[in-house]
Amino acid sequence: MKDRYPAVDAFRGGEKVIRIVGHRGARGLIPENTMIGFKTAVSMGIHLLEFDVVLCADGFPVITHNHAIHAPTFRIPETDCFVTEEPKVLDLNWSELQSFEIGRLDAHSQYGKRFPDQLQLDGIKVPKLADLLSYAEHLGDQKIYLMLEIKSDPAHVKDAEFRANLVAKVIAEVRTFGLSEQILLHSFDWQILEECKKQAPDMPISFLTQLTENPSDVGEDSSLAVGPHVENVEAIPEMVHERGGSLWCPNVCDATAESIERAKQLGLVTAVWTANENDEIDKMIEIGVDAIVTDYPGRVQQRLMIHGFKWST
Ligand code: MG
C-alpha cells in the first residue's frame, strides 16, 4: 500500500528490508552536517539523510546541530585552535558563521574522542539549508530523501511567533527547490510539528522521542526540554498517530517489540536513532523497525547482511 507521502514510503521497511539513514551525513566517518559529508554518504549509496537546522541572524536556515556553535567542531581557519566561546547561531550572521571551519574534531575533547575514525578535513564550512536542497534538486532522478530536523530553541519554546517564523522559513526553502515530496519534517518539539502540519499539510511530519539517554547521544539533544513528558513508551505510537504523524522515531534505548508492533498497526513508519553498536543494531533488526539512523552506515549494512536483510528494494 502506498503512503500519501512519497517520502514516507522511502523510509518504510518491508519483508527482510530495513532502511539505513545517514545521521548528520555519516558522522562516524566524515565531518557531521557538512556538504562533503552528505555527498560522500550519497556516493556510498545512502539515499536517506538526517541533518539539523537552526536559523542564523540573517534569518535563513543553516545546517548545524546545536543552537550555539559547538566548541569541539568549530575551529579558527588555518590554525589548530578550536573556539573557546560558544555564541548562539541565531546571534551570528552568515559571514560570521563562515569565519569558522568545521572539518575537524578537537581530538582532546570528549566529543572528539568518540569519533576516532572521522576524517579530518580543511576548508569545510557550515552549509545553508539551501545548499543541501540545491544538491538534492540537481541529483534529479537519483532521488535522495531528507529527514530535516528542525531544532527547537529552548529559549523560544513558548514563543508561537518565533516558532511560526522558523517553520515558515524552512518550508519556503523546501518549496523553492520543489522538494516537498522528498522531505520529512522532523523534530523533538511537537509544537513545531503541529505548526508544520498547519503550514505544509503536503509534507509528512516525523516525531522524535527520547525517554532514556543513549550513550551515543548523551548531552547532545535538548529533547527533554521541548518534548512532551511521557513515561510509557507503549503510549507514544497512539499519541503520534492522533497528531497526524507519519513517522515515529524513538531513541534506540526506548524502542520495544510491542511499541514497534503497535506503531505498525497504526500505519506509522518507525525509524530508531542512533544505533551505532552491533548489539543495538541487532536488537533493532529483531524487533522489526523500518529504518535505522546511524553514524556508521557500513556497520548497519554488515549486520543487515548477516541477518539476511537488505536496505533497498
Ligand atoms: Mg538530528
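# Burial, helix packing and backbone angles

Trainee: Is Asp295 buried or exposed?
Mentor: This is a predicted model, and Asp295 has a relative accessibility of 0% in it. The cut-off for burial is under 20%. At 0%, Asp295 therefore counts as buried.

Trainee: Where is Asp295 placed, and which residues is it in contact with beyond its neighbours within four places in sequence?
Mentor: Asp295 lies in the loop between strand 9 (291-294) and helix 12 (297-306). Leaving aside neighbours within four places in sequence, the contacts of Asp295 are His23, Ala26, Arg27, Gly28, Leu29, Phe115, Thr274 and Asn276.

Trainee: What distance separates the C-alpha atoms of Asp295 and Glu242?
Mentor: Along the chain, Asp295 and Glu242 are 53 residues apart.

Trainee: Which residues touch the most other members of the largest nonpolar core?
Mentor: The largest nonpolar core has 64 residues. Helix 5 (residues 129-139) gives the largest share of this core, seven residues. A second, separate core has 21 residues, including Ala7, Cys249, Val269 and Ala271. In the core of 64, the residues that touch the most other members are Phe51, Leu146, Leu148, Ile183, Leu185 and Ile292.

Trainee: What does Phe51 touch, not counting residues up to four places away in sequence?
Mentor: Phe51 belongs to the largest nonpolar core. With residues up to four places away left out, Phe51 touches Asn33, Phe38, Ile63, Leu129, Leu132, Leu146, Met147, Leu148 and Glu149.

Trainee: Are helix 5 and helix 6 roughly parallel or roughly antiparallel?
Mentor: Helix 5 packs with helix 6 (residues 160-176) at an angle of about 25 degrees, and their axes are 9 Å apart. Angles under 35 degrees count as roughly parallel. Helix 5 and helix 6 are therefore roughly parallel.

Trainee: What is the phi of Arg24?
Mentor: Most residues other than glycine have a negative phi. Arg24 is in the loop between strand 1 (19-23) and helix 2 (35-43), and is buried with a relative accessible area of 1%. The phi of Arg24 is positive, near 55 degrees.

Trainee: Does Glu78 count as buried or exposed?
Mentor: Glu78 also has a positive phi, of about 60 degrees, although it is not a glycine. Glu78 sits in the loop between strand 3 (61-63) and helix 3 (94-97). The cut-off for exposed is over 50%. With a relative accessibility of 78%, Glu78 therefore counts as exposed.

Trainee: What separates the C-alpha atoms of Asn232 and Ser259?
Mentor: Asn232 is in the loop between helix 8 (223-226) and helix 9 (236-242). Asn232 is partly exposed, with a relative accessible area of 42%. Asn232 and Ser259 are 27 residues apart along the chain, and their C-alpha atoms are separated by 9.7 Å.

Definitions and conventions. Residues are numbered from 1 along each chain as its sequence is written. This is a predicted model: local features need pLDDT of at least 70, side-chain atom pairs count only at pLDDT 80 or more; totals for chains, interfaces and linings use all residues. Side-chain values use heavy atoms; hydrogens and water are left out. A nonpolar core is a set of buried Ala, Val, Leu, Ile, Met, Phe, Trp, Tyr and Cys residues joined through side-chain atoms within 4.5 Å. Buried means under 20% relative accessible area, exposed over 50%, partly exposed in between (1.4 Å probe, protein chains only). Helices (H or I, at least four residues) and strands (E, at least two) are DSSP runs, numbered from the N terminus. Contact means heavy atoms within 4.5 Å. Axes are lines fitted to C-alpha atoms, for helices over the stretch in contact, and angles run from 0 to 180 degrees between N-to-C directions. Angles under 35 degrees count as roughly parallel, over 145 as roughly antiparallel, 65 to 115 as roughly perpendicular and the rest as oblique.
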